[in-house]
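Subject: Structure handover

Hello,

Here is the structure I promised to pass on. My notes on what was found in it follow below.

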Amino acid sequence: MNHTTPKPAESAAKQALAFTHGLTGVDIPLDDFVTYMMWICISVLISVILIVRFGQMANAHLRHLLNLNAGSLQQSYWSKDRTTIWPKIKKQILYAPLRNKRHNREIQLSRAMNVGTIPSRLHTILLLSYLLSNVIYIVLLHYGNPKPQILAELRGRSGHLAIVNMVPLIVLAGRNSPLIPLLRVSFDTYNLFHRWIGRVVVAHAVVHTIAWAVNEHTAKGMKGISEGLHNSPFLAYGLLATVGFVVIVIQAASIVRHAFYETFLHIHQLLAIAAIVGVKVHCKLGVLPGEGYIDWAIALWVLDRAARLFRIIYRNISLTHTTRVTVEALDSSDVQACRVTINMARPWRFKPGSHLYIYLPTVSFWMNHPFSIAWSDTHDAYSLDDEREKLSQRKSSFVAVTAQQTTTMSLIIAKRTGMTAKLFDKARAAPNGTITTYGLVEGPYGGLDSLHSYGTVVLFAAGVGITHQVGHIRELLEGHAAGTVATQKIVLVWSVKNTETLEWIRPWMDQILQMGNRKQVLKVMLFVTKPRNPREVVSRSETVQMFPGRCNPSLVLRKEVITRCGAIGVTVCGPGAFADETRAAVRDVVDTGATVDFVEESFTW
């Protein structure tokens, strides 16, 4: 009898064949365990943030109530930190950049190549913890098993983790996530974590595909891989998802994203839909245990889109009005911008520090961009039914006019590229430099930080960042007059290139400067970095001062700390370099005994 010994390659192929499909070799109980561990870690993190936020809110609320109409002497208790630990946490963790000063200042290889910003120290700690936990989850394998079985387990684990991570990925992409107001974490921070979790999902998907391909190649060779992808819808949709994820991470690279943002956004959304569909069908055909998670991800995405659509329809369409947008070009030699006034179809409660997304189809079809709301007015408008008006004209009879509340929102949009450049050019080319068009507004978003409990508020702004601060000034002055805020001192520090920039907000600043309590509460410091003529930089009064040259936030803040009233709230909105300087100035004084809190408003994308 003739016996032949199988060749090693044939033996390996036969052994690997059983682990090329289905759940053979996949450790489902361990997959479920690491999934539970991940959700527990996320829940613990959310709980810690909630506890810290509730503590901060309770402290601010108590400080607010006890300091209404209180002067400097009465607020002296709150002007000093009563612990040494919390100031150190703020300096070394909460407000700290990763190292040195740089955080929101963009890293530019050239004027056209931007590689993004550096996460803060706290963000880095959280991101590294998340990345490390995912590495631990994926390497918990039974290494004593045969290689094909280890690869099958790796395939199952990585694929399962890719799907599970898609749930927080979708949550962090949504503008209407309830976690934003609950945790009081900005959408900008959510966007940062969305990008990094997206990279984790892509890494898991690639590992999942490679682990399958190695076993498939061992069992059937390249021909088997090709035939499998061609003949099996299960494998084809899985490949669609992986390719979609990989292309997303390539085109979402900061250099590409910043250079072609509007194009990136459309392609990103289409690829995301393709990848989600691929994952869903892949799980459905393979009867995989992770299908429930992709269903949750899809449901959350649909809910967010539905909420956005509802906001748009409700805010912009009423029985008598639709949203109209007036754009005025503000042309100067150095800085070009538009002052945009939006007549809302419905009343809208404005909160300082909030922003909106605006759609202008006549300028850029279906693109939407976020802008800080600089100013808002609510006034009575009058609605008259056309038929009744005609009847009254015939019979000379009196017609009752119905008063309605109408809201206007005002923005300053600096000219850059894409939609903002088209908008400015179109307005400048129009008669009188003004156009009126229809548009849609989505929002409001943001406005999470209240400054009512601070005796002293220092508002730093550079360029168009003034739009974030003007609303705070009006609200605090009105609150001071009504006795509803603790604020007794407001300092606005605004850095501009030239005095022409002051025209951006002149209509609103005129209203502020005419408020009765303005002189005793508000001090304005204007820094003009590139004055055309030294005679332009002249201080009109002690409360409105102008200085040539760059602003030194550290010098300004140290002086205000010495003369503070109560606790100090510092906010900044402006270019990354200016924001980083302000952050460094706050860190210099936060552990000197004064109670100093810091809020940065930024749109990094």
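For the pocket described next, a residue counts as lining if it has an atom within 4 Å of a grid point of that pocket, and helices are DSSP runs of at least four residues, numbered from the N terminus. Please keep in mind that this is a predicted model.

Confidence

Mean pLDDT for the protein is 89, with 93% of residues at 70 or more. The highest confidence is in strand 11 (residues 456-462), at a mean of 97, and the lowest is in helix 12 (residues 386-395), where the mean is 43. Residues 382-402 stay under 50 throughout; for this stretch the model has 17 contacts beyond four places in sequence. Where pLDDT is low, the predicted coordinates should not be read in detail.

The second largest pocket

The volume of the second largest pocket is about 700 Å³. It is lined by 37 residues, and those closest to its centre are Arg155, His208, Phe234, His282 and Leu288. Two or more lining residues come from each of helix 5 (147-173), helix 7 (187-231), helix 8 (233-251) and helix 10 (261-286). Which element gives the largest share of the lining? That is helix 7, with 10 residues. Sorted by class, the lining of this pocket holds 19 nonpolar, 14 polar and four charged residues.

Six strands form an open sheet in the order 14-13-12-11-15-16, and the pairing is parallel. Strand 14 (544-548) and strand 16 (596-601) are the edges, each pairing on one side only. From one strand to the next, the twist averages 15°. Strand 11, which has the highest mean confidence in the protein, belongs to this sheet.

Backbone details

Two places in the backbone are listed here. The peptide bond between Gly443 and Pro444 is cis, with omega about 0°; Pro444 lies in strand 10 (residues 440-446). Asn100 is not a glycine, yet its phi is positive, at about 55°. Asn100 sits in the loop that runs between helix 3 (85-94) and strand 1 (108-110).

Regards

How values were computed. Residues are numbered from 1 along each chain as its sequence is written. This is a predicted model: local features need pLDDT of at least 70, side-chain atom pairs count only at pLDDT 80 or more; totals for chains, interfaces and linings use all residues. Side-chain values use heavy atoms; hydrogens and water are left out. On a 1 Å grid over the protein atoms alone, a cavity is a set of points where a 1.4 Å probe fits but cannot get out, and a pocket is an open set with protein on both sides within 12 Å along at least five of seven lines; lining residues have an atom within 4 Å of a point. Grid points are joined across faces, edges and corners, and a volume is the space filled by probe spheres set on the points. Ala, Val, Leu, Ile, Met, Phe, Trp, Tyr, Cys and Pro count as nonpolar, Asp, Glu, Lys and Arg as charged, and the others, Gly among them, as polar. pLDDT is the predictor's confidence in each residue, from 0 to 100. Contact means heavy atoms within 4.5 Å. Two strands pair if DSSP finds at least two bridges between them. Axes are lines fitted to C-alpha atoms, for helices over the stretch in contact, and angles run from 0 to 180 degrees between N-to-C directions.
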